[in-house]
Amino acid sequence: MLKKLSLLAATFIVATGTALADPVSGGRANAVIQPEPPSLMLGLVQNGPTQMVAGNLYESLLRYGPDLEPLPQLAKSWEISEDGLTYTFHLYDNVKWHDGKPFSAEDVVFSADVFLRETHPRLRQSLKYVESITAPDANTVVFKLNEPFGPFIGIFEVGTMPMIPKHIYEGTDYKANPANNTPIGTGPFKFVEWTKGSHILLTKNEDYYIDGLPYLDEIYWHIIPDAASRSVAFETGVVDILPGGSVENFDVPRLTAMENTCVTDKGWEFIGPLSWMWLNNREGPTADKRFRQAVMYAMDREFAKDALWNGLGKVAQSPVSSSTRFFSDDVSQYPYDPDKARALLEEMGYDGTPVRLLPLPYGETWQRWAEAIKQNLEEVGVKVEIVATDVAGWNQKISDWDYDLAFTYLYQYGDPALGVARTYVSSNIAKGSPWNNVEGYENAKVDELFAKAATAVSKEERQALYTEVQQILTDDVPVAWLLELGFPTIYRCNVKDLVTTAIGVNDGFRDAYIEK
Amino acid sequence: MLRFIAMRLVKAAIILIAIVTLNFFLIHAAPGDPAAVMAGEAGAADDIFLEQLREQFGLDKPLLTQLGLYLGGIIQLDLGFSYRQQMPVADLIFDRLPATLLLTMTAFVISLVLGTLAGVLASARVGKWSDTLISTVALLFYATPLYWAALMAVLIFSVQLNWLPGFGYETVGGNYEGLDRVIDIAKHLILPATTLGLFFMAVYMRMTRASMLEVSTLDFVKTARAKGLKPSIIQRRHVFRNALLPVVTLAGLQAGQLVGGAVLTETVFAWPGIGRLMFEALAQRDYNVLLGVFFVSAAMVLLFNLITDILYRVVDPRIRAS
């Protein structure tokens, strides 16, 4: 009875805002995966394509709705103590691994406390706040924290904390375990085969712990390396689902004009991809705050959104994405205003020193965007040289601080403590990584506010602290924020409930079905 | 002949080691390292993670030690391990080899046979409209960028006419078996193999035509004519056989590239071959895979050069005598 009730609750939440017709079982989903994942073992490899496929194989304790509120996954319910130090999760009691062995709280303890602590750098940051993880009984897990950590309830997503089978991995060399090639999870789909360079096949998990789910019989992930060929694959009906970012943006209008084709930019709320240009705060014209503000005024970001991103996404107003918790728009605003930009440049006495701009080597859209920015900046009198690199070269240049302006986008993971602070706190300035405080911004007040906000217990207090930090940052402009990216997921309209959570396609096709 | 082959094999081994060493330094001279690329794909990395990866890849060791380890492996025919793909490099290459060989050899045969035939045909009708037509088409094939030709082929034969599949090695999820599977693969092969063959087809055509015309003015051909031999026999036995030498040279060069795959064609047509493997490895700085592919293709080039030299001796007795 309890199981049915929770199922009902979960289904209701999932169905909110989506099709209300009766789901039908059966059918095959043909989707594109790009690039080919290096591995499907989500505990070892956490890149985008791995999570997209493996989000069907592995699960975590929770999922998150589009508003980032936690939903049940392996945990059917949970409690947080008032002091914010104890998190107790109650697990479904009929869950099995794909090899038939029962899943229990011991697996959760092993995954979080042993396996992922060693292999998952992003989770490791959050686990610093964890004093102990225990399993008082087979269906209960307790996380005890050493101090409150605001975003803690947000780390139980499949990409952050995938559950790993203890009976397969305990005591082995994780990276060399042969099971990595035939991943075993608790997810709604099971791994069948992976023909390298061609496709990955998953099949329905008949023993899934929620009756009736999943609806689809199988999923084929097609590996097609060329963006134009991926568009053709959709046009010729070989694939029916193009997850966000699969095709070049300029192909999107053509594809979405096809019959029976739908598009959504939902499903990125948790990840919250925010794009910006690194501005080297250490040297050259970009070291001057007025220059950085001038860059903000000089950019026509609405144009970039409409012309390059087909109107999807939003112009970024703050270092915190509007879908991330504690976003505030009570900050300095930078509308497109070339005159203001010119005035600021004149005030600082900009001498015409050229600046180097590194586009993101992720395809045509980014190249064009760099050209648009170059044009914007040249209109206000800033000389720009575009420097071409490949991905590895780009990583190297950013890690070595060898740039003036450089495109990037990073994920926010739903909370400023997880995905925003790392870009601006001074303790995160270190050569050798392109994802830390690469711009070299130092502000003791900002460091203090981020530290306080991460461990504050009440939402109100956290909001106040984060609003203040957003105000300081938007005034100092350590980096030039561009857009909250809207990656369009394109699919046939008869594929229903494809994107239902804040992680979208990355959360797996558990609820998706094909309308007859 | 055996002594000749043995000498050439020893030389080849030395050249291979030199090639591997040179490639090793070239690849490491490119900016970027695989640990950073992999960490980047993981979304967020910390220093411990980067260090772990570097240690795993052996990137924390001095460059010369890395080279020594790699060469030591090569001598034992161990091409190393790809950490990105979590597989031994040799397995990765041999997994992809059949698809690549099928594509490149089909393209090779198409271009060699059709190109040579067209060349012979054109040379027999010099100045006539059929010669002009063949030469113009060849020029067009020669000048068209492969990437564009591939996209146009997909657009016309796959998207517009819907005659042939536009990409892939076989129908994913088709579950064909036996003859049906062969037919399915053949259908998938037509567009990439033809596109890939266009350039060399044109080269063979022009080379055969020019060579046929040149040889047919030589003294021994005049002698043959004076002896009263039939023109068809002169063409076949005297002109064609002698005109083949440059074609064999070229075929040897092309054959050497068979294993290296065809990066552009394999990428556009999503053909799961070695060219794509190499392209992706380059983007990810997957050093061992790159070096492995270079090693195998260099070995093939050397092998086919040897075969070409042997074929020379068969085709032209004068080389044997010297």
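Predicted model: local features only at pLDDT ≥ 70, side-chain atom pairs only at ≥ 80, totals over all residues.
**View 1. A four-stranded open sheet in chain A.** Read across this sheet and you meet its strands in the order β4-β5-β7-β6, with antiparallel pairing. From one strand to the next, the twist averages 15 degrees.

**View 2. Zooming in on β4(A) and β5(A).** These two strands run antiparallel, and five bridges hold the pairing together, with β5 covering residues 86–91. Look for Trp78(A): its bridge partner in β5(A) is Phe89(A).

**View 3. Helix α3 of chain A, lying across strands.** This helix takes in residues 105–119 and lies across β5, β6 and β7 (140–145) of chain A. Compared with β6(A), helix α3 runs at about 165 degrees.

**View 4. The hairpin of β8(A) and β9(A).** Here β8 (residues 189–195) and β9 (residues 199–204) run antiparallel and are joined by six bridges. Three residues lie between the strands, and in this hairpin Gly197(A) takes a positive phi near 80 degrees. Trp194(A) has Ile200(A) in β9(A) as its bridge partner.

**View 5. From β9(A) on to β10(A).** Strand β9(A) also pairs with β10 (residues 218–223) in the antiparallel sense, this time over five bridges. Ile200(A) turns up again here, standing opposite Trp221(A) in β10(A).

How values were computed:
Residues numbered from 1 in each chain as written. Chains lettered and ligands numbered in written order. Pairing = 2+ DSSP bridges. Axes fitted to C-alpha atoms, helices over the stretch in contact; angles between N-to-C directions. Contact = placed C-beta atoms within 7 Å.
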